[in-house]
Amino acid sequence: MSHRILPALVLVAVTAALAACGGGEKEQPSAADPTSAPPTAGAPATAPAPSDAPSSAPSTAEPTVTGSTERRPPSPPPVELPPRKAGEPSAREVVAAFRSAGLKAGKSKDRSVDCGPDGLGLGCSEIVVTDGVAVYVFPDEVSATDMAEVWAGASFRSGTVVLNYLEAKTPRADRPAYEKALTALD
């Protein structure tokens, strides 16, 4: 083997190793490269693929990425709820009024995230559900009235607060006591 062929064989071996590993772009010696030597009769000849054709200009093509490269936040962004109207009671204050009136309002759970992102769910500001009643607070009386009409016969509205009797399955006989405690807050 002559010393002139050795660089060409090393280049072919390195290129083949890189191609097998999937690393980097393949560089082929160009015809104008004085360090490249034509294959000899004893060396195996390999024909370049059409996309790997030698070129005298450097390649500017970027490698393509397979799979997803999208980065997602580690947790969902906080839900932005519309603020309740100034001077109106919060859902927690309503529940506290029920408890001080001796009404069933245990196991309270804040479910305000069910109002929806940016108020696009039910459009409410707060929801607190107890074992006696569900308390919804809306940002304005129009929204409260709309939801009370949707739940007609199973709700009561006072200002921006709507009591929903369906979710907690409030007995009909207990409903007037909840309504009286709510209106006493005004």
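Predicted model: local features only at pLDDT ≥ 70, side-chain atom pairs only at ≥ 80, totals over all residues.
How many disulfides does the structure hold? The structure holds 1 disulfide, a term for a pair of cysteine sulfur atoms within 2.5 Å.

Residues are numbered from 1 along each chain as its sequence is written, and side-chain values use heavy atoms, leaving out hydrogens and water.

**View 1. The protein chain has 5 helices and 5 strands.** Helices (H or I, at least four residues) and strands (E, at least two) are DSSP runs, numbered from the N terminus. Of the 186 residues, 28% count as buried, meaning under 20% relative accessible area with a 1.4 Å probe, protein chains only. The chain exposes about 12400 Å², with carbon and sulfur atoms supplying 58% of it; accessible areas come from the Shrake-Rupley method with a 1.4 Å probe.

**View 2. Here is the open sheet of 5 strands, in the order 1-2-3-5-4 with antiparallel pairing.** Its edges are strand 1 (109-110) and strand 4 (155-158), each of which pairs on one side only. Two strands pair if DSSP finds at least two bridges between them. Follow strand 3 (residues 134-137) to see it joined by 4 bridges to strand 5 (residues 161-164), the two running antiparallel.

**View 3. Helix 3 and helix 5 both lie across strand 4 and strand 5.** Helix 3 (residues 141-150) runs at about 165 degrees to strand 4. For helix 5 (residues 175-183), the angle to strand 4 is about 15 degrees. Axes are lines fitted to C-alpha atoms, for helices over the stretch in contact, and angles run from 0 to 180 degrees between N-to-C directions. Contact means heavy atoms within 4.5 Å.

**View 4. Cys-115 and Cys-124 form the disulfide.** Their sulfur atoms sit 2.0 Å apart. Why is this disulfide called left-handed? The torsion about the S-S bond is about -110 degrees, so the disulfide is left-handed. Are the two cysteines buried or exposed? Cys-115 counts as buried because its relative accessibility is 0%, and Cys-124 is buried too, with a relative accessible area of 0%.

Notes
Buried < 20%, exposed > 50% of the residue type's maximum accessible area, 1.4 Å probe, protein only.
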